[in-house]
Amino acid sequence: MTTAEIEQILIDQIESQLLTQGDQIALRPDDDLLMEGLDSIGFLRLIEFLEDRFSIEVPASDVTVEQFGTVERITRYVSSKG
Amino acid sequence: MQQQELSGPSTIPDLLRRAASQQPQRHALRINGDHLTYEDLDKLSNQISLALQEVRVVKGDRVGLFAHKSLALVAAIYGVMKAGAAYVPINPEAPASQVERIIDACQIEHVVSDQRLIDRLPPALANSLSGIGWDSPKARTWSDVSGLPAVATQTELSGEDLAYILYTSGSTGQPKGIVHSHRSALAFAVSAAEIYGLTPDDRLTNHAPLHFDLSTFDLFAGASVGATTVIVPLTHSRLPASLSQLLESESITVLYSVPFAQIQLLQRGALEQRDLSALRWVVFAGEAFPTKDLRALMGALPQARFSNIYGPTETNGCTYYHVDSLPEDDSEFIPIGYPLPETEVLIVDPNDQPVDEGVVGELLVHGPTQMVGYWEQADLNQECIYVRADDTGETAFYRTGDLASQHSNGLLRLAGRKDRQIKTRGYRVELDEVEAAVLSHPSVQEAAVYAVPDGQGSLVIEAAVVIEADSTDSAELSGHLSKLLPRYALPGSIHLRASFPRTSTGKVDRRALESSAASERGSA
């Protein structure tokens, strides 16, 4: 899977299911997910999705702002695991 | 003594001025590695109050704070108060309709905000507002503010003036604005600082959003002793491993939040990888901390003492309990402890008669931390007050709606909400006690118990639970409950869920949970 593909899967997933605000938001790879309204429950669901979709394991200590703050960073994280 | 009291602080800005004169160079606020010293904070808040006066804020106004947390936003709290106005925090993540309801209900004409958030409001509303933080002929930008002189404004303030108004979140009906004066805000800040022995060397977190009353402890109890408050950015409050990193790197000494955030820290915060040796107090409030989880967290953080603060927003924190030992039985609640100084509690039966020691009744509270009232809601203000008349005069107690009992040494124990006391098949059941029993099962992570109409004029109890993956099932849980509860109090059905919806303050969103259960029934 290419980086661009991973990025698109993530954007689709977050846009469709996870943003709690009703506003139409076109998510960009460098948007701050936490400021876009992704809450702690949303993050838990996202981690579960990553583990399922990409067959990786995400230890709790990896889930930091540095590695999960934006789609770009999560893509980098997922790629490094693949 | 009398003279000393007279010269002491009587308003929240007095706390800031005192800290700024006693230790101007100490960091008052920190966020993301950036900081304001007490001197900086005093000056910036002076500039903000001048800018607010330029856009015609006058004494008695309400000024909305509609932005994500930042150094400038907290400085604006003091700036608003120095201009003689009350601050009204508005959740920056709230839908525009809720923002509009609060602005209407509180007759707000001025806000401190930013371009992005203002642009999300309906244009008519946005155009009607003036204030600080966005580009408009009616607003001042932050660079305008920084160009103003940093001199103190002359607005006279007393303890009776209004300090802030907090709106209850998530309500679909008319919002309820809880009004606190400088006197009630100060009473809580000063008592809390004493109870936790805060000193200028302390480093507190501000984890709660500003529209949640927990934030007043972090900011004002901190300022009352000249300590440092580290603002937890949204990013860190939502990612437990980042929160624990912040606790370590900022050498936090006092952590204060809802239990949920602390349980997340325990489960996903990678605590074993952090050096949190500076942490001396872990304080929680807002909802009950399941005994089982608290036991685990106390085991993971043996260096810290734990404490429970109790109090509806209407009374601020009004009782506290240092958890030096835990109940042996995991289905028992953590006590709420003892009243704050000068605070009196009464426990009464449904006829407002005091109950005997150990008997459960409604908890009424009177004390200096009590609110002024609800903003322009005379009927509510009447309903929520019980007036006791005796030879000492009349005393107004706030009806908390919580059930509690008081024991021989004065210890208070909570027994759930009055409106969560139901009758099913003629039996009285405390839903919160059923909930505690569900939570005592080792595999249950979260539980919510509620009553729904059974279609035959009575109520049936249901439970929703979050469990560790595949660790148990409804049948096994029912078996566990039947050992703890009488038959009539057993949930008729138990729904397993992946997670619970939460309100913006981190509490379980019971309304959303119950309505999703109701729609499941409807479609079943």
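Me: How many salt bridges are counted between chain B and chain A?

Reply: The count between chain B and chain A is 0, a salt bridge being a side-chain nitrogen of Lys or Arg within 4 Å of a carboxyl oxygen of Asp or Glu. This is a predicted model, in which local features need pLDDT of at least 70 and side-chain atom pairs count only at pLDDT 80 or more, while totals for chains, interfaces and linings use all residues, and side-chain values use heavy atoms, without hydrogens and water. Residues are numbered from 1 along each chain as its sequence is written, and chains are lettered from A and ligands numbered from 1 in the order in which they are written.

Me: What makes Asp14(B) and Arg17(B) a salt bridge?

Reply: Their closest N and O atoms are 2.8 Å apart, so the pair meets the limit for a salt bridge. Both residues lie in helix 2 (residues 12-22) of chain B, 3 residues apart, about one turn of the helix. Over all chains, 28 salt bridges are found.

Me: How do you know that chain B and chain A touch, and which residues of chain B lose the most area?

Reply: Contact means heavy atoms within 4.5 Å, and 22 residues from chain B and 21 residues from chain A take part. About 1,800 Å² is buried between the chains, 58% of it on carbon and sulfur atoms, where buried area is the accessible area (1.4 Å probe) that two parts lose on being put together, summed over both. In chain B, Thr235(B), Arg238(B) and Leu239(B) lose the most area to chain A, together 31% of what that side buries.

How values were computed:
Helices (H or I, at least four residues) and strands (E, at least two) are DSSP runs, numbered from the N terminus.
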